[in-house]
Amino acid sequence: MGQLAYKGFDKNLKCREFQFEVGGTYEEDEAKLCKCGFHACLRPLDVFEYYPPATSRYCLVELDDICDERKSNDTKVVAKKIKVVQELTVLEMMKAQEAYANALEQKTAGDRGAATAGYGGAATAGYGGAANSRG
């Protein structure tokens, strides 16, 4: 399984004139940050910088063959392969952000156990995670 991330699209599920569909898997020969490949963000709310909520659609995606390049001001990444797992509402994006923040909090607190960020994480960090507990 690849890296789970969050991707924004226009109202037609297009990004830079490339048409996507939920459930689709796509590949490119090259991946260069802000130039080519499939871009997504590891932190859910970073997506809003590129696609505003009023006019956009969002999806949980799975990335493979991720380039090592990173932006300094957000979690945008680029990969050669992307699978569009499922569409998310803005509310689901907010819940995913909460799970992402909780996972980071646990990880920085020294809990190196099962804190893995992602929409469907099994233990503490996924939206709908099975064993998420606080307090």
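**Note on the predicted model**

1. Val-90 is partly exposed, at a relative accessible area of 34%. This model is predicted. Val-90 belongs to helix α1, which spans residues 90-108. Together with Leu-91 and Met-94, Val-90 makes up a nonpolar surface patch. The accessible area of the three comes to about 260 Å².

2. Next, the overall layout. The protein has 7 strands and 1 helix. Read from the N terminus, the order is β-β-β-β-β-β-β-α. Of the 135 residues, 43% are buried. Among contacts with a separation of 6 or more, 65% join residues 24 or more positions apart.

3. How buried is strand β1 (residues 3-9)? Of its 7 residues, 6 are buried, so the strand is largely enclosed by the rest of the structure. Strand β1 pairs with strand β6 (residues 57-66) in the antiparallel sense, over 7 bridges. Within this part of the model, Phe-9 stands opposite Arg-57 of β6.

4. Arg-57 also takes part in a salt bridge. Its side chain meets that of Glu-87 at 2.8 Å, N to O. Glu-87 sits in strand β7 (residues 76-88) and Arg-57 in β6, so this pair ties together parts 30 residues apart in sequence. Arg-57 is partly exposed at 26% relative accessibility. Glu-87 is partly exposed too, at 33%.

5. A further salt bridge joins Asp-65 and Lys-80, with the closest N and O atoms 3.8 Å apart. Asp-65 is in β6 and Lys-80 in β7, so the link ties together parts 15 residues apart in sequence. Lys-80 counts as partly exposed, with a relative accessibility of 30%.

6. Which residue forms a salt bridge with Asp-46? The partner is Arg-43, and the closest N and O atoms are 2.6 Å apart. Asp-46 is buried, at 7% relative accessible area. Arg-43 is partly exposed, at 28% relative accessibility. The salt-bridge count for the model comes to 4.

7. Lys-14 lies in strand β2 (residues 14-15). The residue is partly exposed, at 26% relative accessibility. Leaving aside residues up to four places away in sequence, Lys-14 touches Phe-9, Gln-19 and Tyr-51. Phe-9 is the residue that stands opposite Arg-57 in β6. The C-alpha atoms of Lys-14 and Ser-56 are 9.6 Å apart, across 42 residues of chain.

8. Last, the cysteines. How many disulfides does the model contain? The count is 0. Cys-34 is in no disulfide; its nearest cysteine sulfur belongs to Cys-41 and is 9.9 Å away. Cys-34 is partly exposed, at 36% relative accessibility. Cys-59, in contrast, is buried, with a relative accessible area of 0%.

Definitions and conventions
Residues are numbered from 1 along each chain as its sequence is written. This is a predicted model: local features need pLDDT of at least 70, side-chain atom pairs count only at pLDDT 80 or more; totals for chains, interfaces and linings use all residues. Side-chain values use heavy atoms; hydrogens and water are left out. Buried means under 20% relative accessible area, exposed over 50%, partly exposed in between (1.4 Å probe, protein chains only). Helices (H or I, at least four residues) and strands (E, at least two) are DSSP runs, numbered from the N terminus. Two strands pair if DSSP finds at least two bridges between them. A disulfide is a pair of cysteine sulfur atoms within 2.5 Å. Contact means heavy atoms within 4.5 Å. Patches are made of residues with over 30% relative accessible area and no salt bridge: like charges are joined within 9 Å, nonpolar side chains (Val, Leu, Ile, Met, Phe, Trp, Tyr) within 5 Å. Accessible areas come from the Shrake-Rupley method with a 1.4 Å probe; for residues, only the protein chains shown count as cover.
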